[in-house]
Structure formats: C-alpha cells, structure tokens
Amino acid sequence: ENSLRSSVPPSQFVPAHEAQLVNFDRLEPTADGNAGVTYETNHGLKVIQRIRPDAEGFNTYTGSYSYFDSEGTPVVVSYVADRDGYYAIVPIPPNIPPHAAEQIRRGQQEHEKARLLFAKLR
C-alpha cells in the first residue's frame, strides 16, 4: 500500500490551486489493448490506472488514487470501472462508532454480491 501513496511528504505540499505534476508515466497500449497511466502531484495526489479489454472488447479500468485528508492522514481508494459500472473500495474511517463501521462493511459486501450477480446475468 505504501507504493500507492504519494512520494511527496505532506510538509512539502502546495495548495491545490498551485498543484503541478511531479511524476507521470504512461504505459502505451500493447497489441492486446492493455494500457495505463500513473501520476502524482505536489499536492499529495497519486493515481494509478490500468486499462484492459475483456473478452468481448469492453474496457475494464482498475486502479487507485491516494491523497492526504485535512488532518494529514493518507487515504487510498481502489476501484474497478467496467461495463457494469464503477465500484470503489473506500476505507472505513477510523474514528467512527463500531456499529457505523459494521454498517459500512455490510453495505460494501452487499454491493459486491450485487455486482457479481449482475455480471453473471449478462
């Protein structure tokens, strides 16, 4: 997970309106259609995205982005975007009541079940 976090230390962040790219790497499309991009800014944002076509030619995007919240805590969000929609895996905040964390976990599990069921119905 550390590789998903920005290499720019929070003490060196600039305001969002002044953010600039500090790293950019593009993976050129291969013969089978795979491609991707990785970039980060001096505001603490880092994005990693891969693109690959499925057997029927629809692109599937997988990736993550990370940033630091207003308290300086790193947040990493992973996602899949395909022909069935966008599905994010969002971390559960550490300072919420246990029952709220359980509701979030349960909702994430139900969402994943529905996503898999929908994919089977295609």
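## A helix pair to start with

Is glutamate 102 buried, partly exposed or exposed, and what is its relative accessibility? Glutamate 102 is partly exposed, at 33% relative accessibility; buried here means under 20% relative accessible area, exposed means over 50%, and partly exposed lies in between (1.4 Å probe, protein chains only).

Glutamate 102 has a partner: arginine 105 forms a salt bridge with it, with 3.5 Å between the closest N and O atoms. A salt bridge is a side-chain nitrogen of Lys or Arg within 4 Å of a carboxyl oxygen of Asp or Glu. Both residues sit in helix α1 (residues 98-121), three residues apart, or about one turn of the helix. Arginine 105 is partly exposed as well, at 36%.

## About the model

This is a predicted model, in which local features need pLDDT of at least 70 and side-chain atom pairs count only at pLDDT 80 or more, while totals for chains, interfaces and linings use all residues. Residues are numbered from 1 along each chain as its sequence is written, and side-chain values use heavy atoms, leaving out hydrogens and water.

Now look at aspartate 54 and arginine 83, whose side chains meet in a salt bridge (3.7 Å, N to O). Aspartate 54 lies in the loop between β3 (46-53) and β4 (59-68), and arginine 83 in the loop between β5 (74-82) and β6 (85-89), so the pair ties together parts 29 residues apart in sequence. Strands are DSSP runs (E, at least two residues), and helices likewise (H or I, at least four), numbered from the N terminus.

Aspartate 54 is partly exposed at 26% relative accessibility, and arginine 83 is partly exposed at 29%.
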